Amino acid sequence: MLINLKIRNFILLKNLEIDFKNGLTVITGETGSGKSMIIDALRCFTQKRVNIESLGNNNENTQITALFDISQNLDAQNFCTENYIEFDDDVVILKKVISEQGKSKNFINAEPVSVKLLNKLAELLIEIHGQFDNNVLFDESKHINFIDSLLLEQDNLAILASLFQ
């Protein structure tokens with residue numbers, strides 16, 4: 001769950017910090033109020049390349065930092081463990097610093113990482129839904145994950161998987 005988002009020098013956003021509360025977050029507002037800029041900043045974590053036009057134009061680097069609580073996200077916890085990413089208090093901090101030329105430096109918990117590693121973890125943490133963005137429901141490769149998530153105890157999943165094979 002996203003806890004905090006900091007955006008500096010991104011499109012028209014000079015310096016923005018948002019604290020998120022537990023539960024569902026819905027971003028609403030008038031046309032042109034900046035909703036898309038916030039979403040586009042989050043998408044920077046899941047994209048290999050950032051559109052250079054998205055960067056601010058005041059000779060400063062763009063910085064996007066997101067703090068996530070992964071206490072309820074077993075996939076993210078397992079990913080971190082498998083990739084030797086330490087996390088304290090079930091919290092992970094993703095950070096992307098983008099130069100004026102579009103080159104980025106990527107960090108997880110203040111440790112430099114490859115863009116590929118950052119993208120993979122971000123995909124486990126960030127799920128953005130738009131007005132017509134329901135394609136995940138039609139992706140048959142995801143259906144088994146939906147069903148597996150209904151099991152209350154993950155031990156049952158391992159038992160079931162062994163019986164299936």
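**Notes on the fold and its packing**

1. Helix α1 (residues 35-43) lies across β1, β2 and β3, and runs at about 100 degrees to β1. Please keep in mind throughout that this is a predicted model.

2. Overall make-up. The protein has five helices and six strands. Along the sequence they follow the pattern β-β-α-β-α-β-β-β-α-α-α. Of the 165 residues, 30% count as buried. Among contacts with a separation of 6 or more, 57% are between residues 24 or more positions apart.

3. The sheet. In what order do the six strands stand in the open sheet? The order is β2-β1-β3-β4-β5-β6, and the pairing is antiparallel. β2 and β6 (111-113) are at the edges with a single partner strand each, so one side of each has no neighbour in the sheet. From one strand to the next, the twist averages 15 degrees. As background, strands of a sheet pair through backbone hydrogen bonds, in either a parallel or an antiparallel arrangement.

4. Strand β1 and its partners. Strand β1 (residues 2-10) is joined by six bridges to strand β3 (residues 62-69), and the two run antiparallel. On that side, L2 stands opposite F68 in β3. Six bridges also join β1 to strand β2 (residues 13-19), again with the strands antiparallel. Here the bridge partner of I7 is L16 in β2, while K6 has E17 of β2 as its bridge partner.

5. The β1-β2 turn. β1 and β2 form a hairpin, with two residues between them. I11, in the turn, has a positive phi of about 50 degrees. I would look at this residue when checking the backbone.

6. A66. Is A66 buried or exposed? This residue lies in strand β3. Its relative accessibility is 0%, and A66 therefore counts as buried; the cut-off for buried is under 20%. Leaving aside neighbours within four places in sequence, A66 is in contact with L2, N4, L5, F45, V92, I93 and L94. For one of these, V92, the C-alpha atom is 8.3 Å from that of A66, although the two residues are 26 apart along the chain.

7. Helices α2 and α3. Two packed helices are described by the angle between their axes and the distance between the axes. For helix α2 (residues 74-82) and helix α3 (residues 115-125), the axes come within 8 Å and cross at roughly 160 degrees. Angles over 145 degrees count as roughly antiparallel, and α2 and α3 are therefore roughly antiparallel to each other. Their crossing is left-handed. On the α2 side the contact is made by D75, A76, F79 and C80, and on the α3 side by L117, K120, L121, L124 and L125. These contact residues divide into seven nonpolar, two charged and no polar.

8. The buried residues of α3. Which residues of α3 are buried? They are L117, L118, N119, L121, A122 and L125. What do these buried residues pack against? Their packing partners are β3, α2, β4 (91-98), β5 (104-108) and β6.

Key. Residues numbered from 1 in each chain as written. Predicted model: local features only at pLDDT ≥ 70, side-chain atom pairs only at ≥ 80, totals over all residues. Heavy atoms only, no water. Axes fitted to C-alpha atoms, helices over the stretch in contact; angles between N-to-C directions. Helix = DSSP H or I, 4+ residues; strand = E, 2+ residues; numbered from the N terminus. Parallel < 35°, antiparallel > 145°, perpendicular 65-115°, else oblique. Left-handed = near helix turned anticlockwise from the far one by under 90°. Contact = heavy atoms within 4.5 Å. Nonpolar A, V, L, I, M, F, W, Y, C, P; charged D, E, K, R; others polar. Pairing = 2+ DSSP bridges. Buried < 20%, exposed > 50% of the residue type's maximum accessible area, 1.4 Å probe, protein only.
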